[in-house]
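Welcome! Please take a moment to look over the sequence and the 3D view before reading on.

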Amino acid sequence: MSWTDTVILLFALLLLTSTISTKLSFHLGIPSLLPFILIGMLLNHFVYFDNAQLTQLCAIVALIIILFDGGLRTRKEQIRTIWLPATLLSSFGVLITSLITGMAAHYILGLSWLEGMLVGAIVGSTDAAAVFAAFGNTNIRRKITNTLEMESGSNDPMAVLLTLAIIQLLTVPESSWFVMLGFFMKQVLFGLLFGWLFGKITIWLIQHLRLPSSEIYPILALSLAILTYSVTALIDGSGLLAVYLMAIIVGNADIRYKSVIFRFQEGFASMMQMLMFILLGLLVFPAELLQVSWQAILLSLVLMLVARPLSVLICTWGKFFDWREKTFLAWAGLKGAVPIILATYPLLAGIESSRQIFNVVFFIVLTSALVQGTSLQWLAEKLGITEGERKQPTYRLELIAGGKSNVELVEMEVVRGSRAENCTLREITLPNETLITAIVRGDQLIPPTGDTCLKSGDVLYILLPHPRREQVQQLLESKAT
């Protein structure tokens, strides 16, 4: 067996093991990032790997794909109600968390004040990959999960700014905070501008490009997401914020082959999540983690029990959330890929204590996954903030058509109070050339007949020409008069 064949075999076994571990993590309530990181750490015993630059590059590409998938699934109706607390948490919340954690790191780790603040900045943000993975199959109130998802998808500019600013002050002491503030404003403004611009460009291209096969459209969308990041980052904007906003705009638009694009991104994001956390785990030497274990545990406790709760309390002041929801928001500030990626910046900058900082950050991420991640569903149930049953994989139907076809299979939901609710299929008037092929109600797949009565929450799979889509959507979602 050649060296190439051996590597391919190991890669296949790695993917297979990671895939099986997702089923185990689902049943045990363990965040999916945890088994992937542990697999990477286990491989560290057999493969020596310490290339922080390569790890950073691969992890950023994976984050682009994960954020793109998360943004596609974010509905604008959900954002309208939670944008203010989510925005405050993603900006001032990160700053408050970073300051408190940084002060604790100075005393617990024996670092200088700036180095302590660097630790706080690195772990101050809530991680998008961890949040999207943790809440993908839960039945926690959508108001809470939407807030956490939007916070985690938009708080990277603040975390990156604080990290780069402190590294700049450590390596170039004469640097100015005013320059750093200008850099932050540029990051946010360019991130928002280019996210909106590329979102509109992506929609136009998907609608007007006649590609030879529907399978190419997901690749087109993904390539534009990566282009969004790279163009924004090249002009010192927040590429990750731009990708997230671009994905939200695309996901809420009425585009062709939407179901095909969503399914592709969902699967690809899962694979990239596996590979990213395995690679991050591979960068860690377990023996070094033990040397900082008790300091990292103390710092984790400060972060989970003091810094994050105080930031949530300040940023959600008012009556929008009750005390139970605030308690959950405080506990759900999950750490994941972004802190580990940011911890590679001091390594590349040659900061003297960079290896200690990296190991402490990695230990904090593990602690967050083990303690916070495994208790989210339990805590939500104890606080009484769950809705219905825990989500389970549902039925899926898919139609793959040629690029010249004007017919598509769409997935729509019957909204409570709509004109179609409590009506039989015989009683509703569908546009010409429209056919309901299947109805999913809970965990049941119902064959449609003329006497089938539609209920709110029913998911309908409808075969129709693209121009009829809006008319059918109004029937299923518009309120009855």
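## About the model

This is a predicted model, in which local features need pLDDT of at least 70, side-chain atom pairs count only at pLDDT 80 or more, and totals for chains, interfaces and linings use all residues. Residues are numbered from 1 along each chain as its sequence is written, and side-chain values use heavy atoms, leaving out hydrogens and water.

## A tryptophan on the outside

Let's start with Trp-317, which sits in the loop between α14 (293-315) and α15 (323-331). Helices here are DSSP runs (H or I, at least four residues), numbered from the N terminus. Trp-317 is exposed, with a relative accessible area of 70%; exposed means over 50%, and buried under 20%, with a 1.4 Å probe and protein chains only.

## A threonine on the inside

Now turn to helix α17 (residues 354-383), where you will find Thr-367. Thr-367 is buried, because its relative accessible area is 13%. Leaving aside residues up to four places away in sequence, Thr-367 touches Ser-300, Met-304 and Gln-372; contact means heavy atoms within 4.5 Å.

## The largest cavity

The lining of the largest cavity includes Thr-367, along with Ser-300, Met-304 and Gln-372. Helices α14 and α17 each supply at least two residues of that lining.

Definitions and conventions. 1 Å grid on protein atoms, 1.4 Å probe; cavity = no way out; pocket = protein on both sides within 12 Å on 5 of 7 lines; lining within 4 Å.
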